[in-house]
Amino acid sequence: MPLDFTKMFVAVPTEFKLRNNTGCSWRVTVKLMNGRVTLDQGWATYAAVHQIKIGYMVMFKLLTPDTLKVIIFDDDGIEVVNKCGKHDEAFAARD
């Protein structure tokens, strides 16, 4: 995550809920690595399930202190709409 983004927090949460453009939610843990905040457990599975590929752009918008809206654009700049597929139950967020 960009340092300017993480400066918005008094304390960065240890977990974020990712919400996609169809309302599905997914939990990911947050880890401090080399002085930067990164998405950790749950992110690789999220990226695989939502078919995020090299060249895609992923935009995050802070909705609440622990919820990020995730918008995915393909390599042509077109928004990718993903229906809720099979989520790993370990990371599917409960509303």
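This is a predicted model: local features need pLDDT of at least 70, side-chain atom pairs count only at pLDDT 80 or more; totals for chains, interfaces and linings use all residues.
## Overall fold

The chain has 95 residues, and 34% of them count as buried. Its secondary structure comes to two helices and six strands. Read from the N terminus, the order of elements is α-β-β-β-α-β-β-β.

Contacts reach across the sequence. Take those with a separation of 6 or more: 47% come from residues 24 or more positions apart.

## Aromatic pairs

How many aromatic pairs does the chain hold? The count comes to three. Two of them are described here.

Trp 26 belongs to strand S2 (residues 25-33), while Tyr 46 belongs to helix H2 (residues 43-49). The pair therefore ties together parts that are 20 residues apart in sequence. Are these two residues buried or exposed? Both Trp 26 and Tyr 46 are buried.

Trp 43 and Phe 60 form another pair. Here the ring centres lie 6.0 Å apart and the planes meet at 55°, so the pair is tilted. This pair also links distant parts of the chain: Trp 43 sits in helix H2 and Phe 60 in strand S4 (residues 57-64), 17 residues apart. Trp 43 has 22% relative accessibility, so Trp 43 counts as partly exposed. Phe 60, at 34%, is likewise partly exposed.

Ring pairs join Trp 26, Trp 43, Tyr 46 and Phe 60 into a cluster.

## Largest pocket

What is the volume of the largest pocket? It holds about 170 Å³ of space. Its lining consists of Met 1, Pro 2, Phe 5, Val 37, Thr 38, Leu 39, Phe 60 and Leu 68. Strand S3 (residues 36-39) gives the most to this lining, with three residues.

Which classes make up the lining? Seven residues are nonpolar and one is polar. No charged residue takes part.

## Where the two features meet

The ring partner of Phe 60 in the tilted pair is Trp 43, a residue of helix H2.

Methods. Residues are numbered from 1 along each chain as its sequence is written. Side-chain values use heavy atoms; hydrogens and water are left out. On a 1 Å grid over the protein atoms alone, a cavity is a set of points where a 1.4 Å probe fits but cannot get out, and a pocket is an open set with protein on both sides within 12 Å along at least five of seven lines; lining residues have an atom within 4 Å of a point. Grid points are joined across faces, edges and corners, and a volume is the space filled by probe spheres set on the points. Helices (H or I, at least four residues) and strands (E, at least two) are DSSP runs, numbered from the N terminus. Ala, Val, Leu, Ile, Met, Phe, Trp, Tyr, Cys and Pro count as nonpolar, Asp, Glu, Lys and Arg as charged, and the others, Gly among them, as polar. Buried means under 20% relative accessible area, exposed over 50%, partly exposed in between (1.4 Å probe, protein chains only). Contact means heavy atoms within 4.5 Å. Rings of Phe, Tyr and Trp (its six-membered ring) pair if their centres lie within 6.5 Å; planes under 30 degrees apart count as stacked, over 60 as edge-to-face and the rest as tilted.
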